[in-house]
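Hi,

Here is the structure I promised to pass on. Have a look at it first, and then read my notes below.

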Amino acid sequence: MKKILKIILLIVVIICLLTTLSKYKKADATVNTEIQTNIPPKEEHGVTGIDIVKSENNDYNYLEDFQYELLEDRIILKKYTGKESILEIKSSYSVDGIEYYTDLSDFQVGIGNQKVSTLILCEGIKEVKDSIFNSCNVEKVYFPKSMSKVYDNTLAYMHPDDGKLIKVYYGGTQEDWLNIFTEYHRTDIKDAEWGTEKGKAAADKFNEMMGSEYDSSLFEYFFSASPDDLK
């Protein structure tokens with residue numbers, strides 16, 4: 001019965017996503033062609049000056065290992081394309097002499113890359129995408145004290161090997177962590193508006209049925225830590 005429910009829910013998720021895509025395509029078709037020509041095409045580039053820590057000797061390489069988009073004062077990281085196991089992400093990057101704040105709202109560690117086992121978020125980064133750890137192999141993560149909120153749902157995407165604990169390092173105290181560690185509240189499918197919100201609610205429900213819930217016994221915490229503790 002559980003398998004049947006999971007299959008049905010998966011079908012619902014697919015239908016919601018297909019409907020959303022169809023809706024966006026229709027909306028795009030109605031946009032005035034003259035207006036469209038005034039919008040510069042989005043381009044993805046490789047970020048220069050990214051600190052990638054080599055797992056062998058902890059030396060830094062300055063490589064073009066990200067795809068990104070620039071939007072006003074932000075650099076939106078899309079995915080990591082490098083090959084190192086330890087990834088350190090800065091709070092800002094300089095592109096063509098201009099400083100941009102790092103935006104991780106679209107970033108997922110495991111998208112296109114399964115090599116990263118350690119993720120270090122540098123001081124100044126305030127938030128990450130809820131599903132940043134979806135389909136990744138990260139075993140250790142560092143959250144800076146500048147984080148404004150970390151959802152339990154975010155950590156629930158991390159799946160350690162049997163008998164192995166995920167290690168979470170935090171720059172602040174345990175009291176600070178308890179102030180930012182927040183329970184994620186899912187929106188019921190019936191209460192969600194049609195479109196992206198409906199698809200997200202369906203995906204949340206599917207993850208819940210698949211057992212993707214936060215379990216504190218799977219994690220080991222280290223407070224008042226520094227990035228060097230992970231290297």
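A quick definition before we start: a residue is called buried when its relative accessible area is under 20%. Keep in mind that this is a predicted model.

Let's begin with strand 9, which covers residues 118–121. Thr118 and Ile120 point one way from this strand, while Leu119 and Leu121 point the other way. All of these residues are buried. In a regular strand, side chains alternate between the two faces of the sheet.

Now, who are the neighbours of strand 9? Strand 6 pairs with strand 9 in the parallel sense, over four bridges, and Ile89 stands opposite Leu121. Strand 10 (residues 140–143) also pairs with strand 9 in the parallel sense, here over three bridges. In that pairing, Leu119 stands opposite Val141.

Next, take a look at Glu84, in the loop between strand 5 (74–80) and strand 6 (86–89). Is Glu84 buried or exposed? Its relative accessibility is 16%, so Glu84 counts as buried. Glu84 and Gln114 are 30 residues apart along the chain, and their C-alpha atoms are separated by 10.0 Å.

Finally, there is the second largest pocket, with a volume of about 280 Å³. It is lined by 14 residues, and Tyr101, Thr102, Asp103, Lys126 and Glu127 lie nearest its centre. Strand 8 (residues 98–103) gives the largest share of the lining, three residues. By type, the lining divides into four nonpolar, four polar and six charged residues.

Key: Residues numbered from 1 in each chain as written. Predicted model: local features only at pLDDT ≥ 70, side-chain atom pairs only at ≥ 80, totals over all residues. Heavy atoms only, no water. 1 Å grid on protein atoms, 1.4 Å probe; cavity = no way out; pocket = protein on both sides within 12 Å on 5 of 7 lines; lining within 4 Å. Points joined across faces, edges and corners; volume = space filled by probe spheres on them. Helix = DSSP H or I, 4+ residues; strand = E, 2+ residues; numbered from the N terminus. Nonpolar A, V, L, I, M, F, W, Y, C, P; charged D, E, K, R; others polar. Buried < 20%, exposed > 50% of the residue type's maximum accessible area, 1.4 Å probe, protein only. Pairing = 2+ DSSP bridges.
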